[in-house]
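Me: I would like to go through this model and ask what lies behind the terms used for it. Please set each value against its cut-off.

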Amino acid sequence: MLDGHALWTGDHYNEGIGRDDIFDKLREECGVFGVFNLPDASNLSYYGLHALQHRGEESAGICTVDTASGNKFAYHRGMGLVKEVFDKEKLDMLAGDRAIGHVRYSTSGESRLANAQPLIFRYRDGDLAVATNGNIVNAPEIRKELEMSGSIFQTSSDTEVIAHLIARSPKDFETAAKEALQRIVGGFAFLIMTNDKLLVASDPNGLRPLVMGRIGDGYVFSSESCAFESIGAEYVRDVQPGELLIFDADGMREDRYAEVERRATCAMEYIYFARPDSDINSINIHSARKRMGRQLAQESFVDADIVTGVPDSSISAAIGYAEQTGIPYELGLIKNKYTGRTFIQPSQELREKGVKMKLSAVRKVVEGKRVVMIDDSIVRGTTSLRIVNLLREAGATEVHVRITSPPFKNPCYYGIDTPDRKELIASYRTVEEIRKQINADSLSFLSDEGFVDAVGGNDGAYNRGMCLACFDNDYPTPVNEESDKSCSC
């Protein structure tokens, strides 16, 4: 409670955390983690999912297969953080040497346990579990077709589509899975497990990250490589676009369900979503963000007394900007990591108190100073206005805003929960108009070319193998602007 008002509603603390946030930041897409041929697979999954907690804070789940007991399935899912959903007793019940796990934001499907993943099904050949990160663009059309032919859906998650496609196929499991993957369009990383097989697949454009690691004779899979450090796994490689890895009693087989199309890893992974200690396509996120800050300094230098970054994703870029300009980097903004879900009440007074609970300006650092504030993106503009005002209230004499991405003008259809185009401030206002709206003394965005050069990557590939559709409206797959854009995880 705050001043007699409830801070959240619902049955659990983080219910609805993906919606109605005071800070209009983009929502992470979800995270997947898998284990093959390793004892204590559930415990490894627990630590892996804990490392991926930033990708989804509303629900978590783990499904295991125990080959020692005849490939028996066991699973547990719950609403809340990983540490709240699982304890030692629950993990002990999940015996097995194979597992898939998931953390989720509720952005597309409803906020309820039925949509928590992995989704578990019984079909003609036994048990089936599916976990995914991303979005299936053509899921509504496929779902309607399946329902017309008799399928009954148990969830509002797009992920269920692929389970029905597999279950309805008269072909063997591997062939059915390949054909199902060939039918869906979008950005996705899939872990699909039966009693005797584990399939790992990435979309044909590699939009959603998925990496493979190794511990002895066993394998692990994760949305980000940072999860490998927590379990002592060695990074092996990224799962390639259109690739299908098959694991069973005979070990691993490498296959494809689709040829590589235009390589297009999500640019926002580098800018905002991924943890700084992760590597994507062999590019370290912290180093890439520092280069973005350096490039931004070259493109839009401003004389100031200190540089500060908006926690947490902009800290690396702020350090890079400071190093390039010689302006000291200072911790001018502090994030409170323990506030959990933010307020849902519309009252402006409560919303402003909520902002100050989540983020504070350090008065002794910014008072009387000209401040360069580094942030990763501007969505609706409300967050930038609040942070600029925080700095001014703490005594900053000037606030110059520098953004380490190009203007975010277009919605995403591949697993990021973005507003409609008309709500994206950069789609209908000039940079100068945005500057006035956020109350900044100056505002600059990183150029498309500067961003691509700063990240690096494959020199020969279009946009060096990244999707910049949210900036340039050039989508790597067909999209329907009337379709649901939110994350189907």
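Reply: The model is a predicted one, and the questions below take up its terms in turn.

Me: Why is Cys30 called buried?

Reply: Cys30 has a relative accessible area of 0%. Buried means under 20%, so Cys30 is buried. The residue is found in the segment before strand S1 (31–36).

Me: What makes Cys30 an "active site" here?

Reply: The label comes from UniProt, where an unreviewed entry lists Cys30 under that term. Such annotations may be inferred rather than shown by experiment.

Me: Is Ile142 buried or exposed, and how do you know?

Reply: The relative accessible area of Ile142 is 2%. The limit for buried is under 20%, so Ile142 counts as buried. Ile142 has its place in helix H4 (residues 139–148).

Me: Which residues is Ile142 in contact with, leaving aside neighbours within four places in sequence?

Reply: They are Val161, Leu165, Arg183 and Ile184. Contact means heavy atoms within 4.5 Å.

Me: What makes S9 and S10 a pair of strands?

Reply: Pairing needs at least two bridges. Strand S9 (residues 211–215) and strand S10 (residues 218–222) have five bridges, in the antiparallel sense, so they pair by the rule of at least two.

Me: Why are S17 and S22 called edge strands?

Reply: The open sheet has four strands in the order S17-S20-S21-S22, with parallel pairing. Strand S17 (306–309) and strand S22 (442–445) each pair on one side only. On average, neighbouring strands of this sheet are turned by 20 degrees against each other, direction ignored. Between S17 and strand S20 (residues 370–375) there are four bridges, and Gly309 stands opposite Ile374 in S20.

Me: What does H9 touch when it packs on the sheet?

Reply: H9 touches S20, strand S21 (398–403) and S22, and its direction makes about 125 degrees with that of S22. Helix H10 (residues 315–325) lies across S17, S20 and S21, at about 160 degrees to S17.

Me: What values describe the packing of H9 and H15?

Reply: Helix H9 (residues 285–299) and helix H15 (residues 448–455) pack at an angle of about 145 degrees, and their axes are 8 Å apart. The crossing is right-handed. H9 contributes Ala288, Arg291, Met292, Gln295 and Glu299 to the contact, and H15 contributes Gly450, Phe451, Ala454 and Val455. By class, the contact has five nonpolar, two polar and two charged residues. Gly counts as polar in this scheme.

Me: What is the order of the six-strand sheet, and which strands are its edges?

Reply: The open sheet runs S5-S6-S7-S8-S12-S13, with antiparallel pairing. Its edges are strand S5 (119–123) and strand S13 (251–256), each of which pairs on one side only. Strand S6 (residues 126–136) and strand S7 (residues 186–194) are joined by nine bridges, against the at least two that a pair needs. Thr132 stands opposite Phe190 in S7. Helix H5 (residues 160–168) packs on this sheet, touching S5, S6 and S7.

Definitions and conventions
Residues numbered from 1 in each chain as written. Predicted model: local features only at pLDDT ≥ 70, side-chain atom pairs only at ≥ 80, totals over all residues. Heavy atoms only, no water. Buried < 20%, exposed > 50% of the residue type's maximum accessible area, 1.4 Å probe, protein only. Axes fitted to C-alpha atoms, helices over the stretch in contact; angles between N-to-C directions. Left-handed = near helix turned anticlockwise from the far one by under 90°.
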